[in-house]
Amino acid sequence: MASKEQNTPVILNRKANHLYFVDETFEVGIMLIGSEVKSIRDGKCTIGEAWVDVDEKKDELWLVGARIDEYLFANRFNHFPARKRKLLAHAHEIQKMRKAKELKGCTIVPLKLYFKNRRAKLEIGICRGKDQRDKRQDIINREAKLEIARIAKAHR
């Protein structure tokens with residue numbers, strides 16, 4: 001049982017850390033149908049272009065722009081790959097996300113999709129956009145860490 005949990009993929013949004021500063025993260029559930037779960041377990045999912053929309057009237061969260069490819073063996077019971085999917089969160093978390101989204105420059109972005117106790121979970125973050133200067137600074141810091149690691153390895 002534990003070995004199957006370890007074999008399930010973790011789908012990451014690599015662009016999120018490059019484009020945004022992540023202020024706060026939340027773990028939410030995601031409502032899926034059977035063929036979507038099978039497809040995610042096969043790793044056929046992308047969340048790089050996705051975002052989270054807060055429905056003002058109903059206090060609901062929706063994942064928009066995520067693509068879960070069709071499951072090959074589902075036949076006519078398959079799903080639409082680019083549909084909106086409802087997210088499950090506590091009411092106080094939804095209120096916090098709504099307030100953060102009203103601030104200028106904040107957005108809610110999915111960071112990671114994974115399985116926890118056989119249930120699909122989505123880690124979402126309240127993010128602020130980076131400008132070009134911040135992105136360059138990240139690249140300089142990354143290159144400096146690599147150079148330090150190379151020097152440390154050479155002196156062993």
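Predicted model: local features only at pLDDT ≥ 70, side-chain atom pairs only at ≥ 80, totals over all residues.
**Salt bridges, whole structure.** I searched the whole structure for salt bridges (a side-chain nitrogen of Lys or Arg within 4 Å of a carboxyl oxygen of Asp or Glu) and got 12. Residues are numbered from 1 along each chain as its sequence is written, and side-chain values use heavy atoms, with hydrogens and water left out.

**Glu 36 and Arg 83.** I looked up this pair and found a salt bridge, with the closest N and O atoms 2.9 Å apart. Glu 36 sits in helix α3 (residues 34-41) and Arg 83 in the loop between β6 (67-68) and β7 (85-88), so the bridge ties together parts 47 residues apart in sequence. My helices (H or I, at least four residues) and strands (E, at least two) are DSSP runs, numbered from the N terminus.

**Glu 36 and Arg 85.** Here I found another salt bridge, 2.9 Å from N to O. Arg 85 is in strand β7 and Glu 36 in helix α3, so this pair joins parts 49 residues apart in sequence. I then noted that Glu 36, Arg 83 and Arg 85 are linked in a network of salt bridges.

**Buried or exposed?** I used a 1.4 Å probe on protein chains only: buried is under 20% relative accessible area, exposed is over 50%, and partly exposed is in between. Glu 36 is buried at 0%, and Arg 85 is buried too. Arg 83 is partly exposed at 26%.

**Lys 86 and Glu 60.** I got 3.2 Å, N to O, for this salt bridge.
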